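The sequence and coordinates come first.

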Amino acid sequence: MTNLPQANRLDLIFAALADPTRRRVLSMLLEDDMAVSDVAAPFDTSLASISKHLAVLAAAGLIRQERRGRITWCKLDPDGMRGASVWMQGFGQFDPIDLDDFERFLETELRDNDDRQAP
């Protein structure tokens, strides 16, 4: 995934996060690494379906899977969301606009301008 352009990585991450099942899996993996069968246990779906969700999360770089013997373990990739997080933080650098304050500012400016132009 590291060889993909930034926009493609963001597409993969946000597409992976768009699904509630995958978000729930990520929340579960926040607690600890888990075997695929343990990840699948709380869901009312097939192991194959959960495996597909895990593949999407892995392709997006959000988790890593490691085979130990006959068991596949899943764990969060600590750097997986870094690119998306940095991208989203870029939007937080601006203060929200308070339209009431802006309206008061305009009224004051217009009034002051009228006062200066009055003979």
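Arg-9 counts as partly exposed, at 21% relative accessibility. The cut-off for a buried residue is under 20%. The model is a predicted one. Arg-9 belongs to helix α1. Between Arg-9 and Ala-84 there are 75 residues of sequence separation, and their C-alpha atoms lie 8.4 Å apart in space.

## Overall layout

Six helices and three strands make up the secondary structure of the protein. Along the sequence they follow the pattern α-α-β-α-α-β-β-α-α.

The protein has 119 residues, of which 24% count as buried. Among contacts with a separation of 6 or more, 50% come from residues 24 or more positions apart.

## Helix α1

Helix α1 covers residues 6-17, which is twelve residues. From its first C-alpha to its last it reaches 16 Å, close to the 16 Å expected at 1.5 Å a residue. Its buried residues are Leu-10, Ile-13, Ala-16 and Leu-17. Viewed down the axis of α1, these buried residues fall within an arc of 130°, so they line one face of the helix. An α-helix has 3.6 residues a turn, so residues three or four places apart point the same way.

Which helices do the buried residues of α1 pack against? They pack against α2 (20-31), α4 (47-59) and α5 (82-89).

## Helix α2

Helix α2 also has twelve residues. At 1.5 Å a residue it should span 16 Å, and its end C-alpha atoms are 18 Å apart, which agrees. The buried residues in α2 are Arg-22, Val-25, Leu-26, Met-28 and Leu-29. Seen down the axis of α2, they fall within an arc of 160°, so they line one face of the helix. The face turned away from the buried side of α2 carries Pro-20, Leu-30 and Glu-31, which are exposed.

The buried residues of α2 pack against the helices α1, α3 and α4 and against β1 (34-35), β2 and β3. At the N-terminal end, α2 is capped by Asp-19, with a side-chain oxygen 2.8 Å from the backbone nitrogen of Thr-21.

## The nonpolar core

The largest nonpolar core has 21 residues. Which of its residues touch the most other members? They are Val-25, Leu-29, Val-39, Leu-54, Leu-57 and Leu-62. The elements that give two or more residues to this core are α1, α2, α3 (36-40) and α4.

Leu-54 touches Val-25, Val-36, Val-39, Ile-63, Gln-65 and Cys-74, with residues up to four places away in sequence not counted.

## His-53

Is His-53 buried or exposed? His-53 is buried, because its relative accessible area is 14% and the cut-off for buried is under 20%. His-53 sits in helix α4.

Leaving aside neighbours within four places in sequence, His-53 is in contact with Asp-19, Thr-21 and Arg-22. Asp-19 and Thr-21 are also the two residues of the cap at the N-terminal end of α2.

## Salt bridges

How many salt bridges does the structure hold? It holds three. In one of them, Arg-64 pairs with Asp-77, and the closest N and O atoms are 3.4 Å apart. Arg-64 lies in strand β2 (residues 63-68) and Asp-77 in the loop between β3 (71-76) and α5, so the pair ties together parts that are 13 residues apart in sequence. Arg-64 counts as partly exposed, at 39% relative accessibility.

Arg-68 and Glu-66 form another salt bridge through their side chains, at 3.0 Å from N to O. Arg-68 is partly exposed at 41% relative accessibility, and Glu-66 is partly exposed at 39%. Asp-79 forms a salt bridge with Arg-82, in which the closest N and O atoms are 2.4 Å apart. Asp-79 has a relative accessible area of 44% and is partly exposed.

Definitions and conventions:
Residues are numbered from 1 along each chain as its sequence is written. This is a predicted model: local features need pLDDT of at least 70, side-chain atom pairs count only at pLDDT 80 or more; totals for chains, interfaces and linings use all residues. Side-chain values use heavy atoms; hydrogens and water are left out. Helices (H or I, at least four residues) and strands (E, at least two) are DSSP runs, numbered from the N terminus. The expected span of a helix is 1.5 Å times one less than its number of residues. Buried means under 20% relative accessible area, exposed over 50%, partly exposed in between (1.4 Å probe, protein chains only). The arc is that of the directions from the helix axis to the C-beta atoms. Contact means heavy atoms within 4.5 Å. A salt bridge is a side-chain nitrogen of Lys or Arg within 4 Å of a carboxyl oxygen of Asp or Glu. A nonpolar core is a set of buried Ala, Val, Leu, Ile, Met, Phe, Trp, Tyr and Cys residues joined through side-chain atoms within 4.5 Å. A polar contact is a pair of N or O atoms within 3.5 Å; within protein, one must be able to donate a hydrogen and the other to accept it, and residues adjacent in sequence count only if both atoms are side-chain atoms.
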